[in-house]
Amino acid sequence: MDTLSYKTISANRETVKKEWVVVDATDQVVGRLASKVAKLIRGKYKPNFTPHVDCGDNVIIINASKAMFTGKKETDKVYTRYTGYPGGQRFQTPEQLRRRPDGMDKILRHAVKGMLPKGRLGRQLIDNLYVYNGTEHLHEAQKPKAIDINEYK
């Protein structure tokens, strides 16, 4: 038996094949959508997944404004941010954030970022996420393929 054929292949920046995928967020629950998108961005669904390398796909989320929360999270959940000044802590619910033009972008980015690794790699991976409220996006030149996010676990 040739033992050299059983070497573990570790991906690196040059050997990774990154793809562009489009995910439709219509009638999707925010947390469940975010966990599947985080796995796509990380590359966990690929057979050559390597934990310390950006080997995931570039994900475009369309119809983000049609994503939903379950239960009473729309009014009871609170997002906290800090302005940097004394007494500058600000609180917003998803209902208030949705009224802003970039509100759903902030909600989905916050959810996905919390599911990515903390540190340099996680900060690099979040740049592979693109969120749009409508069906139009700016990445037609990359020829993204549309996937059904419900097929992933």
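## Largest pocket

In this predicted model, the lining of the largest pocket holds five charged, three polar and three nonpolar residues. The pocket's volume is about 200 Å³. Its lining is made up of Tyr79, Thr80, Arg81, Arg90, Gln92, Leu97, Arg100, Lys106, Ile107, Arg109 and His110.

Which elements each supply at least two residues of this lining? They are strand 3 (79-82), strand 4 (89-92) and helix 4 (103-113). Helix 4 gives the most, with four residues.

## Second largest pocket

The second largest pocket has a volume of about 170 Å³. Val29, Val30, Gly31, Met68, Phe69, Thr70, Lys73, Lys77, Tyr79, His110 and Ala111 line this pocket. Two elements give two or more residues to the lining: helix 1 and helix 4.

By class, six residues of this lining are nonpolar, three are polar and two are charged.

## Stacked aromatic pair

How many aromatic pairs does a search of the whole structure find? The search finds two. In one of them, the ring centres of Trp20 and Tyr130 lie 5.4 Å apart. Their planes meet at 25 degrees, so the pair is stacked. The cut-off for stacking is under 30 degrees.

This pair links distant parts of the chain. Trp20 sits in strand 1 (residues 20-24), and Tyr130 sits in strand 5 (residues 129-131). The two residues are 110 residues apart.

Are these two residues buried or partly exposed? Trp20 has 19% relative accessibility, so Trp20 counts as buried. Tyr130 has 23%, so Tyr130 counts as partly exposed. Buried means under 20%.

## Tilted aromatic pair

Tyr45 and Tyr152 also form a pair, with ring centres 4.7 Å apart. The planes are at 55 degrees, so this pair is tilted.

Where do the two partners lie? Tyr45 is in the loop between helix 1 (30-42) and strand 2 (58-62). Tyr152 is in the segment after strand 6 (145-147). They are 107 residues apart, and the pair links distant parts of the chain. Tyr45 is partly exposed, with a relative accessible area of 31%. Tyr152 is partly exposed too, at 25%.

Notes: Residues numbered from 1 in each chain as written. Predicted model: local features only at pLDDT ≥ 70, side-chain atom pairs only at ≥ 80, totals over all residues. Heavy atoms only, no water. Phe/Tyr/Trp six-rings, centres within 6.5 Å; stacked < 30°, edge-to-face > 60°. Buried < 20%, exposed > 50% of the residue type's maximum accessible area, 1.4 Å probe, protein only. 1 Å grid on protein atoms, 1.4 Å probe; cavity = no way out; pocket = protein on both sides within 12 Å on 5 of 7 lines; lining within 4 Å. Points joined across faces, edges and corners; volume = space filled by probe spheres on them. Nonpolar A, V, L, I, M, F, W, Y, C, P; charged D, E, K, R; others polar.
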